[in-house]
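Here are my notes from going through this one. Have the structure open while you read.

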Amino acid sequence: MAVNFHIPSPEAIHAVPGVEIGIASAGIKKAGKRDLTVFKFTPGTAVAGVFTRNRFRAAPVLICESRLRCDKEIRALLINTGNANAGTGSEGMDRALQTCQALAKELGLDQHQILPFSTGVILEPLPQDKIIAAIPAAVSDLNKHNWLPAASSIMTTDTVPKISSKQLEINGRIVTVTGISKGAGMIRPNMATMLSFIGTDAEVECHLLKQITTEVADKSFNRITIDGDTSTNDSFIIAATGQSGIEITKESEHYQRFVEALTEIAIDLAQKIVRDAEGATKFITVQVESAKDQEEALKVAYSIAQSPLVKTAFFASDPNLGRILAAIGYADIADLDTSTINLWLGDVLVASNGGRHPDYVEADGDRVMREPEIVVRVALNRGEASETVYTCDFSYDYVKINAEYRT
């Protein structure tokens with residue numbers, strides 16, 4: 001069950017001018033399930049993306065990477081669930097390209113204007129015939145209000161749709177930012193998340209949008225982990241249609257405010273992935289401060305966030321907090337002085353100067369461990385850098401869900 005999860009009300013989900021979405025059932029994973037999604041963008045839309053660093057990148061990822069160029073216009077996205085089209089070699093590339101060609105024909109576009117995305121089982125051939133057969137229905141369904149249905153259609157082991165939306169006023173005009181994500185397991189993106197798509201009607205030049213997309217990913221999707229596994233299909237896309245008439249440049253007085261709005265949406269989506277993690281019962285924020293540099297802070301944060309022993313202790317609400325100290329100790333920092341380290345669990349100072357704090361009593365740790373949302377804070381006291389990573393506990397259901405994934 002998702003931890004303190006919020007789905008916006010329909011009136012709080014804002015359509016993005018210049019974006020239409022259509023959904024259909026291709027029957028890839030289950031008959032009757034809406035598992036095919038099409039995004040169509042107005043001419044002139046700038047599109048940027050970042051993708052998985054897994055060396056077994058899926059066929060659609062390879063195609064997207066080759067097509068996302070600022071001298072080429074992207075007009076549509078084609079997304080299927082139920083099959084990852086990863087580990088499928090040249091045949092997987094051919095099948096993905098066939099689906100792009102079919103959508104291009106249906107929309108009257110060039111196939112190079114289509115970006116494909118897939119998520120699901122790895123090492124299985126893509127059922128391109130099913131996708132091609134369902135494309136006309138998805139195109140017929142195109143409309144600007146399909147954001148929430150699209151958030152549901154891209155789900156795999158997710159239990160709830162992940163959507164976030166906001167509007168801001170710039171120079172007397174309204175700028176909209178709306179996004180959706182999917183992901184619940186196989187999450188330590190190392191770029192973005194399994195799949196995420198954000199649309200805005202601001203006007204942003206392509207090269208600048210690329211920079212913004214990378215910056216936003218690093219502050220959101222690159223700061224979450226569920227199980228430490230980086231997917232073969234991770235993809236994060238931002239599309240800027242320009243329909244609001246508000247141009248965003250690096251020199252704009254509202255540049256930072258716009259980037260903060262995008263980042264806020266992305267962080268919300270990233271946190272929702274963790275809140276809906278497979279079998280999760282706790283949402284955990286790991287804050288590392290006074291590190292020597294950013295890399296060091298992230299090493300410690302991820303060492304704690306990905307430790308199976310730490311995560312199972314959180315599931316059990318067991319204040320076995322020596323596991324956190326152990327995780328800090330094996331974070332691969334050769335010159336770490338453990339005598340300077342302080343550790344807090346929520347509002348409780350657990351360890352100071354590298355050892356148990358004199359005033360700490362287990363009843364205080366037990367109180368915090370029973371809460372659905374927990375903050376772990378570590379002060380290394382060796383510099384000025386700080387980082388935050390979001391994670392969850394490991395429950396019995398995580399093993400059950402993944403053991404039964406293909407059944």
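1. What radius of gyration does the protein have, and what would a compact globule with 407 residues have? Keep in mind that this is a predicted model. The protein comes out at 22 Å, and a compact globule of 407 residues would be near 22 Å, so the two agree. Along the principal axes, the C-alpha trace spans about 70 × 55 × 40 Å.

2. On the overall build: I get 11 helices and 17 strands. Of the 407 residues, 58% count as buried. Looking at contacts with a separation of 6 or more, 80% come from residues 24 or more positions apart.

3. Now the annotation. The unreviewed UniProt entry lists Thr156, Lys182, Thr193, Glu278, Asn402 and Thr407 under "binding site", and such annotations may be inferred rather than shown by experiment.

4. Glu278 sits in the loop between helix H6 (255-275) and strand E12 (283-291). Its relative accessible area is 4%, so Glu278 counts as buried. The Glu278 side chain also makes a polar contact with the side chain of Thr157, at 2.6 Å.

5. Have a look at Asp201 too, in the loop between strand E8 (195-200) and strand E9 (203-204). Asp201 is buried but has no salt bridge; the nearest side chain of opposite charge is Arg173, 9.4 Å away. Leaving aside residues up to four places away in sequence, Asp201 touches several others, including Val16, Pro17, Ile174, Thr176, Gln243 and Ser244.

Methods: Residues are numbered from 1 along each chain as its sequence is written. Side-chain values use heavy atoms; hydrogens and water are left out. Helices (H or I, at least four residues) and strands (E, at least two) are DSSP runs, numbered from the N terminus. Buried means under 20% relative accessible area, exposed over 50%, partly exposed in between (1.4 Å probe, protein chains only). Lys and Arg count as positive and Asp and Glu as negative; His and the chain ends are not counted. A salt bridge is a side-chain nitrogen of Lys or Arg within 4 Å of a carboxyl oxygen of Asp or Glu. Contact means heavy atoms within 4.5 Å. A polar contact is a pair of N or O atoms within 3.5 Å; within protein, one must be able to donate a hydrogen and the other to accept it, and residues adjacent in sequence count only if both atoms are side-chain atoms. The radius of gyration is taken over C-alpha atoms; the globule rule is 2.2 Å times the number of residues to the power 0.38.
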